[in-house]
Amino acid sequence: KQWYQRRVRGSFNCNGLGNPNKRELVLKWLKEKPEDIILLQETHTTGDTEDDWRRLWEGDILFNHGRSNSTGVTFLFKRDTNVKICRHQVIVPGRTSLVEIEYESVKYCITNVYCPNNNETTVVENTFSEALGRPRDDYLIFAGDWNTVLNNQLDKEGGNPSHSNSNRQAYLNQMISDYGLSDIFRLCRGDERVYTHINKQHKTRTRLDFFLIDDNLVNFPACYSEITHGFSSDHSYISLTIQGSQVERGKGYWKFNNSHLTHETFTDAIREIVHET
């Protein structure tokens, strides 16, 4: 097997970079990050600001514009990153995009997500439909600000016991169970309580920002996610590290992903199957 070098991705809700001074400071901060591909949410980009972004960043940029004062998601690629960008698709304008890349002979589809702060599931339904419905031979990675939590007990503190965007929470947990995805942070860190967003007004702390990855990536020798401090934002910065030899598809042993046990829809289905047998 070929041994692949450390590949890292970052994701950050930057709380708007319409202000030129803030834009310059945040992009300078991001340049110092070790991640080679960075997904940004709530960028507030427009066609009029593209040239300034390219001047400041220097590497490749893929835009999905919102408005000058709301939404927008963007992919940033470091200048010296040896990544082949195969295809970029805007799924929901200002909200979600995917990019198909090839990196060291391994293919990925990375989806950048910024969900609205409401209880609708239209954005995530369209996003998963496009990402999962493609003819593909790649590994799936979803990341961004989902504006809900996956587990009310572990990912939320303060306020109501349950997150208000419960429909999206249920939908995401169903997708995780049905399509072989993992909440890699929870899988690696167990019941540890770490949050990515603090709302001082409502006195709540939540983990709204996370990676959902193809279960096949979990079997790489090194695959983990971290949460670190953000910059000029009320969101934390999250990262994903993958390193090791590519997992060969085909015959092999079955490895149970025990993170599924935290999802009520999965455990209810298992109980029903056991009861029927």
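Predicted model: local features only at pLDDT ≥ 70, side-chain atom pairs only at ≥ 80, totals over all residues.
Biologist: Where does R9 sit?

Modeller: R9 lies in strand 1, which spans residues 3–13.

Biologist: Is R9 buried or exposed?

Modeller: Check the relative accessibility against the cut-off. Buried means under 20%. R9 has 1%, so R9 counts as buried.

Biologist: Which side chain makes a polar contact with that of R9?

Modeller: Look for paired N or O atoms within 3.5 Å. Here the side chains of R9 and D36 are joined at 3.3 Å.

Biologist: What else is R9 in contact with, leaving aside neighbours within four places in sequence?

Modeller: Several residues, among them E35, I37, Y103, Y108, F211 and L240.

Biologist: Now the open sheet. In what order do its six strands run?

Modeller: The order is 5-6-7-8-13-10, with mixed pairing.

Biologist: Which strands stand at the edges, and why is one side of each left without a neighbour?

Modeller: Count partners. Strand 5 (83–92) and strand 10 (181–183) each have a single partner strand, so one side of each has no neighbour in the sheet. On average, neighbouring strands are turned by 20° against each other, direction ignored.

Biologist: How does strand 10 pair with strand 13?

Modeller: The sense is antiparallel, over three bridges. Strand 13 covers residues 209–214. Within strand 13, I213 is the bridge partner of S182.

Biologist: Which helix packs on this sheet?

Modeller: Helix 3, residues 122–133. Helix 3 touches strands 5, 6, 7, 8, 10 and 13. Its direction makes about 140° with that of strand 5.

Conventions
Residues numbered from 1 in each chain as written. Heavy atoms only, no water. Helix = DSSP H or I, 4+ residues; strand = E, 2+ residues; numbered from the N terminus. Buried < 20%, exposed > 50% of the residue type's maximum accessible area, 1.4 Å probe, protein only. Polar contact = N/O pair within 3.5 Å; in protein donor to acceptor, adjacent residues only side chain to side chain. Contact = heavy atoms within 4.5 Å. Pairing = 2+ DSSP bridges. Axes fitted to C-alpha atoms, helices over the stretch in contact; angles between N-to-C directions.
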